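Biologist: Could you walk me through this one slowly? I am still learning how to read a structure.

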Amino acid sequence: MKKKEYAIIDVETTGGRASRDRVTEVGIVIFDGEKVIDTYQTLVNPERRIPAGITELTGITMEMVASAPKFCEVAKKIVEITEGRIFVAHNSRFDYDFIREEFRRLGFTYMRKQLCTVRLTRKTYPGLRSYSLGNLTKHFGIRLDNHHRAFADAMATTELLKMNLIGPNSDAEIKSIVNHGISATKLPDNIKLEQITELPDQCGVYYFHDTTGRVIYVGKSKNIRSRAAQHFNDRTAKGKMIAKQVADITYELTGSELVALLHESEEIKRLQPTINRAARRTKFPYAIISKVSKDGYRCFDIVKNTAQVRKEEDVISEFPTLSRAKGRLNFVRKHLDLCGIHTKLSTGTSACFYFHLKQCKGACVGQEDSAAYNERAEAARLHLRNVFDYDFLLFDRGRTHDEEAAILVKDGKYQGFTYVSKDEAHNIDSIVDSVKCFPTHPDTARIIQYHVSRNGGRMVDLASGRRKGLV
């Protein structure tokens with residue numbers, strides 16, 4: 001049996017986000033479990049400015065990298081020296097993501113089995129106060145003279161790995177981490193370990209099929225391989241159901257996490273997989289509507305979401321449960337001091353319950369006029385709305401470095417998405433024409449709003465052609 005070999009890697013970078021920042025230094029140590037058999041180290045020209053804070057941390061200056069090779073010039077060496085070896089790093093997600101992203105910029109997919117020495121050390125030496133590389137080297141007396149330089153950190157990580165290999169259960173622990181905790185003996189009957197390890201560690205939508213090829217479950221993940229493996233460690237009722245029925249796994253890469261979320265939602269509704277129960281609904285049964293009372297106050301109410309309601313009323317939001325609708329309306333009421341009577345969250349004909357709590361300014365008893373009240377009520381309407389009032393394209397990460405995903409919102413609703421090359425991203429009319437359209441569902445607007453509120457994005461208003469913020 002071939003001896004297991006490890007490529008222990010550390011990278012220094014211009015910042016903390018692989019999709020935005022670049023590698024400035026690479027250090028690699030090849031270790032066969034007993035001794036170091038090869039090493040490689042190089043500075044890398046990141047082709048951009050190194051922030052002062054990063055220079056202060058690493059000591060790497062613009063002058064040092066000015067004559068260093070670009071990543072494209074060292075990529076072949078990194079492929080060759082890591083080929084057939086386990087990619088090891090302290091917090092491997094960071095280093096692996098940066099290496100993978102650099103290859104993605106070159107148009108290549110970089111995939112290796114991974115081992116994180118943070119996770120491994122937690123298992124081998126539980127209960128330590130800190131598992132940072134600096135603190136672990138102090139705890140175990142490992143020499144680290146030049147912390148935050150790639151080769152020095154890679155050598156220290158090698159020594160840490162060596163200490164983790166001493167234990168009698170080290171092989172089993174490493175195999176568990178490398179295989180995402182999956183043992184071949186614990187896999188579903190019709191799934192082989194190779195089917196898991198050959199899945200991409202990239203963002204997209206994945207499909208579990210039964211023996212007839214029918215889709216029984218649809219999911220999305222930023223790392224398809226890792227997420228699929230998690231399903232087979234799941235001992236819940238859903239996990240057992242998947243394990244009993246699954247016979248094959250397919251996937252679609254999306255690049256964009258937002259596209260993955262939207263496409264997952266659409267595919268669940270289109271395919272109606274038996275295990276995706278909650279997300280199969282195409283209409284939510286409850287809606288918040290808005291109307292102006294005879295006294296001139298803007299009011300809100302929660303009603304059954306029927307076809308007649310959608311046709312005749314001003315539907316602001318749709319919800320899967322009555323409690324979710326009440327919770328959302330009550331949150332906005334409290335945030336904006338709205339009246340309990342005018343939000344139908346209190347009953348009666350006099351002062352509402354919230355007036356006595358000083359959470360209502362008296363619209364219910366004539367102490368606040370409609371003009372003042374309606375300013376806040378209009379703000380509430382904006383907060384509650386899940387239908388957009390302008391048309392726009394939202395650009396996000398593509399499947400390759402040379403393309404972008406474009407998500408179209410038109411006529412107040414999500415329409416679909418497409419992929420365009422970065423060189424064509426300015427041709428708005430052409431992009432709109434190329435969008436693959438899908439039926440509109442009530443959850444898509446919330447998916448877009450929530451994702452953008454957390455992650456931002458480049459948005460172009462279709463009316464003006466200018467960049468715009470999302471309300």
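Biologist: At what angle do helix α14 and helix α16 pack?

Modeller: Bear in mind that this is a predicted model. In it, helix α14, which covers residues 322-336, and helix α16, which covers residues 370-384, pack at an angle of about 145°, and their axes lie 10 Å apart. The crossing in which α14 passes α16 is right-handed.

Biologist: Which residues make the contact?

Modeller: On the α14 side they are R328, L329, V332, H335 and L336, while α16 contributes R376, A379, A380, H383 and L384.

Biologist: Okay, sheets next. In what order do the three strands of the open sheet come?

Modeller: The order is β7-β6-β8, with antiparallel pairing. The edge strands are β7, at residues 215-221, and β8, at residues 248-253, and each of these pairs on one side only. On average, and ignoring direction, neighbouring strands of this sheet are turned by 20° against each other.

Biologist: How many bridges join β6 to β8?

Modeller: Strand β6, made of residues 204-209, is joined to β8 by six bridges, and the two strands run antiparallel.

Biologist: Changing topic: which residues of α18 are buried?

Modeller: Helix α18 spans residues 442-455, and its buried residues are P442, D443, T444, A445, I447, I448, Q449, H451 and V452. The elements that cover these buried residues include helix α12 (257-271), along with the strands β11 (314-319), β12 (392-397), β13 (403-410) and β14 (413-421).

Biologist: What follows α18?

Modeller: The helix is followed by G456, which has a positive phi, near 70°.

Biologist: Last one, about D10: where is it found, and is it buried or exposed?

Modeller: D10 is found in strand β1, which runs over residues 6-13. D10 is buried yet has no salt bridge, and the nearest side chain of opposite charge, that of R149, is 8.4 Å away.

Biologist: What does D10 touch, then?

Modeller: Leaving aside residues up to four places away in sequence, D10 touches E25, V26, G27, D95, R149, A150, D153 and A154. R149 is therefore among the residues in contact with D10, but a salt bridge would need a side-chain nitrogen within 4 Å of a carboxyl oxygen.

How values were computed:
Residues numbered from 1 in each chain as written. Predicted model: local features only at pLDDT ≥ 70, side-chain atom pairs only at ≥ 80, totals over all residues. Heavy atoms only, no water. Buried < 20%, exposed > 50% of the residue type's maximum accessible area, 1.4 Å probe, protein only. Helix = DSSP H or I, 4+ residues; strand = E, 2+ residues; numbered from the N terminus. Contact = heavy atoms within 4.5 Å. Pairing = 2+ DSSP bridges. Axes fitted to C-alpha atoms, helices over the stretch in contact; angles between N-to-C directions. Lys, Arg positive; Asp, Glu negative; His and termini not counted. Left-handed = near helix turned anticlockwise from the far one by under 90°.
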